[in-house]
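Trainee: I'd like to learn how to read a few features of a model like this one. Can we go through it together?

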Amino acid sequence: MCGIVGYIGKRKAYPILIKGLHRLEYRGYDSAGVALINPDGQLNVYKAKGKVAELEAFAADKDISGTIGIAHTRWATHGEPNTVNAHPHYSESERLAIIHNGIIENYAVLKAGLQGEGYSFKSDTDTEVLVQLIEYTQINQHVDLKTAVQLALQQVIGAYAIAVLDKEHPDTLVVARKGSPLVVGIGENEYFLASDATPIVEYTDRVIYIDDEEVVSLRIGEDVDITTIGNVQKTPEIKRLELSLSQLEKGGYPHFMLKEIFEQPRTLTDSMRGRVNVRQDNIALSGFIDNKERFLNAKRIIITACGTSWHAGLIAMYAIEEFAQIPVEVEYSSEFRYRKPVIHKDDVVIAISQSGETADTLAAIQLAKEKGAFIFSICNVVGASIPRVSDSGCYTHVGPEIGVASTKAFTAQVTALTMLALCIGREKGTISREKYLDIVRELGQIPDKIERVLGQNKRIADFAKTFTYAQNFIYLGRGYNFPVAMEGALKLKEISYIHAEGYPAAEMKHGPIALISQEMPVVVVAPRCGTYEKVISNIQEIKARKGRVIAIVTEGDELVSRIADYVIEVPATEECLTPLLTVIPLQLLAYHIAVVKGCDVDQPRNLAKSVTVE
Ligand code: AGP
């Protein structure tokens, strides 16, 4: 995780770096720091524990001059989150400063070697080892900074996106990447760099996505120079950014999460644009059309993802098995990559990731690729690592998701996967023309129906206050709405710090029912569909034990409304599309409970938006 940002050019670097850090704060906020070379050639490093605002306060009376600098916002891996472990880190002589996103796995061995050479270490971080190694190489092999970075990285096992400053060369910034994202922005005689394009977008729309094992030298007055760590020259590929500044602002909402929840009618329209035709009788996914045979010949589909994206994968399992009749396995990427899975050449692996940078998912698909499987990815961030290593895929196009709790990305993932299931089913002939048309038409109605659910925001905010006392919540659902129950529980845990469990409703009597008491709120996702009657029985069982039931039901429902304590209605829709509606009140419920509890909704403790470490 961690966010890195850098600038070299003619402007004052500090304001650009601080603004960039605020944009990247979603990637980690344990500590922040900045390094600047001032006009007298001094290399100043300032760091503070906590958020970027703490760094600004600390640096307020310091020398923040300079037109070259690097900055970092940290999500701690090695070493506790304090000022000493904050980045940037100096080298032994304080000639160099480095920022790093990733993990140097063999840092202990490297550190011991450097200690043997008389190097001392101030922090507990793996990053300090790297900057010392670069300086050691620079001095002992009499090479320039870029070569020292190349040689040092040849000894490193692990993941990194780094930027290094050398006060002896204040016209050069050297950056490199392996496994962690890095984008370079090209301005007029100036360069920007960052973990993603959000700190760059207001200065330039010309960017280069740096590839693994590339080392880049950014020098005033010269073109971008890219080589591999083995010194093979590469040709920079300049891309145009499709990102606007307004997408990065809160637009009048108190939190990004609320803005993103309310954006869903529009983001789902964007996800379907150009895919569901205007007559609403056909879906065309180019990633599927171009690789039809791989899907039609697949004996099995393996879905791999983490967190919320894994929940979207579970919903896709129901849809793909129902409409395409291909067996589906849904795997946590972190388990899949290490459990020696059996993967065949005719398997299709679908990777789901909002960020496209999740380390475990990236490793899972690399493993599947090595075994010859076809990799199809569902991602949101264009140009991220996962879509780049996939054989094909489908972008969700919801724009930047900044709130750490994923909301609009989830509904777009479910939409994209449902469209994929329908495309495969239609092509295989495993779904009837009527059913296909019913669902495609209904997909077109979903944005308006979500709008109707959002209309209940005020009510949900009001009754959310009733539940802030709770220490625990249970969420129940069945079929397509079992993953929704897990997603609702995850939302509540991550932003309100209330413990919550999502269960298939029928499993309750095999254990969790022991927890039910009048203290225990139970959220039951009970739209009118296949297992509706069964879920009513489950609600009766909870009420018989005095549990307090919040039910998500279909508009006009009378049966559940009679027995539940609180009811939130969603419009009727096709069963496979109910998750797109039922998840909305759960997102709002978690949001309002967290707000009433005074939690930091957009940046919950210990979390980061994209998990680029194992
Ligand atoms: C969800 O609210 C999360 N913060 C988290 O579970 C997330 O979905 C997970 O880390 C996967 O991220 P990705 O979609 O970017 O791969």
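Trainee: Which residue of strand 24 does valine 524 stand opposite?

Mentor: Some ground rules before that. This is a predicted model, in which local features need pLDDT of at least 70 and side-chain atom pairs count only at pLDDT 80 or more, while totals for chains, interfaces and linings use all residues. Residues are numbered from 1 along each chain as its sequence is written, and side-chain values use heavy atoms, with hydrogens and water left out.

Mentor: Now the general idea: strands of a sheet pair through backbone hydrogen bonds, either parallel or antiparallel. Here two strands pair if DSSP finds at least two bridges between them, and the elements are DSSP runs numbered from the N terminus (helices are H or I, at least four residues; strands are E, at least two). In your case, the residue opposite valine 524 is alanine 551. Strand 23 (residues 521–526) and strand 24 (residues 548–554) run parallel, joined by six bridges.

Trainee: In what order do the five strands of that open sheet come?

Mentor: The order is 22-21-23-24-25, with parallel pairing. Strand 22 (499–504) and strand 25 (566–570) are at the edges with a single partner strand each, so one side of each has no neighbour in the sheet. On average, neighbouring strands here are turned by 15 degrees against each other, direction ignored; the axes are lines fitted to C-alpha atoms, for helices over the stretch in contact, and angles run from 0 to 180 degrees between N-to-C directions.

Trainee: And the antiparallel case: how many bridges join strand 12 to strand 13?

Mentor: Four, between residues 214–219 and residues 225–228. Valine 216 has isoleucine 226 as its bridge partner. Five residues sit between the strands of this hairpin, where glycine 221 takes a positive phi near 80 degrees. Strand 13 also runs antiparallel to strand 14 (residues 233–234), with two bridges.

Trainee: Is helix 1 largely enclosed or largely open?

Mentor: Check burial residue by residue: buried means under 20% relative accessible area, exposed over 50%, partly exposed in between (1.4 Å probe, protein chains only). Nine of the 12 residues of helix 1 are buried, so the helix is largely enclosed by the rest of the structure. Among them are Ile16, Leu17 and Arg23.

Trainee: What volume does the largest pocket have?

Mentor: Definitions come before the number. On a 1 Å grid over the protein atoms alone, a cavity is a set of points where a 1.4 Å probe fits but cannot get out; a pocket is an open set with protein on both sides within 12 Å along at least five of seven lines, and lining residues have an atom within 4 Å of a point. Grid points are joined across faces, edges and corners, and a volume is the space filled by probe spheres set on the points. The largest pocket comes to about 980 Å³. It has 46 lining residues, and the closest to its centre are Tyr209, Val381, Val382, Gly383 and Ala384.

Trainee: Which residues are closest to the centre of the largest cavity?

Mentor: The largest cavity has a volume of about 80 Å³. Of its 14 lining residues, Arg74, Thr77, His87, Gly102 and Asp126 are the closest to the centre. Strand 6 gives the most to this lining, with three residues.
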